[in-house]
Amino acid sequence: MKSPLFLAIALATGGVMASPVVAQASAQVDQPAEPTAIAARAQQVVDLLNGEVQPEDIFTAAFRAAVADAQIRTLSANLTAQFGRALEARLLPPQDGTRAALEIRFERGIAKGGIAIDPGANDRVNELRFTSVDSLALTDDTPAKIAADLAALPGKVNVWFGPLGGAAVIGRNADQPLALGSTVKLYILAALAEDVKAGKRKWSDVAALTEKSYPSGQLQNWPQGAPVTLHTLASLMISISDNTATDQLIAELGRPRIIKVMKDSGHSNPAANDPLLTTRELFVLKASARERIAGWRKSDTERRGDILSALDTETPSLDTVNAAFGNGPKALDIEWFASPADLARLFAHMRKTAAPEAFAIMAINPSATEAIKANWRYIGYKGGSEPGVLNLTWLLTDKAGRDWVLTLGWNDENAVVDEGKLESIAQRILLLPR
């Protein structure tokens, strides 16, 4: 679900936990007293990232036709939210006067990539790419400073970081349930892995693809009835947050089975998730008329089941679903819910009852930098989001073999939450000395 940030002609953005940490910066290339055209443009990139220069001031018309100004501004804001202000640009070899390797130093990171200019277009930038954004640990960071930054976030925030079964190093509203987004998929993985360990299912069991949801994911584009193993479904559900894989596993396991895992693992209020929504149902329900949403809010579990049954024949377009989420947070009480304490108890339960392959699946996409990976023997991750909702949850094993949990939740009914800001805080936590 979360992937490194890149800026190129095809400009792709993803979750903002970026790649390897650099121990020291590369040597700066000597520059003449008067900056070359490409060096001047590189410095303008710094100003662009800080919001002090606009895309139309830097890029060629062809670049801006390929990459929307709004995308460039969004990426710039995400980078500075996570890594602080951009401070300086360095041109590195190879370079030939119109093209060079590029390094941008931020307050808390270093971005590496390349830049090229077009002499025929007033030396405007016609290529800019970041191939890695490397985090720099804050040497003076402390749990108290991080806790203060968490307390300053608007909306509702819950956090727990500490050894599994031990005392919290950082904790805030650890017993307060918040909307999870796709982090609920950990409960589905837990139910499946428990069945596998008990011999009721095999990872190699094949399911015919009958369910269809909306992105994120890939399986929504696969042929109806395509044979897919349970292991593949689980891997796609966790590593790229594939919603169709999720709904297929819910169909295979049954909703009551997943609610049972919530109860067995010590979830404080499983009824808040009963009946368990599929991802498709959540999308369609939130795209429904106000009357249906109001009816859902007034209904008990049985009546809600009837409402969900009525959604089976409705197939709103992807544009319709996207439009429902296009104006900010939408009905955040229609979601999946758990507290940090609930998620910690889930991991403790899984360590006892889940087949070990479940933890390997969680580690496919650890959402961690190389520096963080060097800090831990094992990292498993799942996150979730929608406008106004963000959850980031890790199960980690330290070098001594002890399990730790980091889970952060942020809900704001009034505004889209800043993913880069929370992810930056999470990264700082994972880099704390222990």
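Q: What covers the buried residues of α11?
A: The cover includes α8 (255–264), α9 and α10. Helices (H or I, at least four residues) and strands (E, at least two) are DSSP runs, numbered from the N terminus.

Q: And which residues of α11 are buried?
A: Arg 304, Ile 307 and Leu 308, in a helix that runs 301–310. Buried is under 20% relative accessible area, exposed over 50%, partly exposed in between (1.4 Å probe, protein chains only).

Q: Which residues count in this model?
A: It is a predicted model: local features need pLDDT of at least 70, side-chain atom pairs count only at pLDDT 80 or more, and totals for chains, interfaces and linings use all residues. Residues are numbered from 1 along each chain as its sequence is written, and side-chain values use heavy atoms, without hydrogens and water.

Q: Back to α9. How many of its residues are buried?
A: Eight of the eight, so α9 is largely enclosed by the rest of the structure.

Q: At what angle do α7 and α9 cross?
A: Roughly 115°, with the axes coming within 8 Å. The two helices are therefore roughly perpendicular. Angles under 35 degrees count as roughly parallel, over 145 as roughly antiparallel, 65 to 115 as roughly perpendicular, the rest as oblique.

Q: Which residues make the contact?
A: Asn 243, Thr 246 and Asp 247 of α7, with Thr 279, Arg 280 and Phe 283 of α9. Contact is heavy atoms within 4.5 Å.

Q: How far apart are the axes of α5 and α8?
A: 9 Å, at an angle of about 95°. That makes α5 roughly perpendicular to α8. Axes are lines fitted to C-alpha atoms, for helices over the stretch in contact, and angles run from 0 to 180 degrees between N-to-C directions.

Q: Which residues in α5 meet α8?
A: Tyr 187, Ile 188, Ala 190, Ala 191, Glu 194 and Asp 195. Their partners in α8 are Arg 257, Ile 258, Val 261 and Met 262.

Q: New topic. Which residues touch the most other members of the largest nonpolar core?
A: Tyr 187, Leu 189, Trp 203, Met 350 and Met 362, out of 66 residues. Helix α5 (185–197) gives the most to this core, nine residues. A nonpolar core is a set of buried Ala, Val, Leu, Ile, Met, Phe, Trp, Tyr and Cys joined through side-chain atoms within 4.5 Å.

Q: What does Met 362 touch?
A: Leaving out residues up to four places away in sequence, its contacts include Leu 186, Leu 189, Ile 238, Phe 347, Met 350 and Leu 395. It also touches Tyr 378, Ile 379, Gly 380 and Tyr 381.

Q: Where is Trp 376?
A: In the loop between α15 (370–375) and β11 (378–386). Trp 376 counts as buried, at 4% relative accessibility.

Q: What is Trp 376 in contact with?
A: Beyond neighbours within four places in sequence: Phe 161, Leu 396, Thr 397, Asp 398, Lys 399, Trp 404, Leu 430 and Arg 434.

Q: Is Ser 288 buried or exposed?
A: Ser 288 counts as buried, at 14% relative accessibility. Its place is in the loop between α9 (279–286) and α10 (290–298).

Q: What does Ser 288 touch?
A: Ile 293 and Leu 311, not counting residues up to four places away in sequence.
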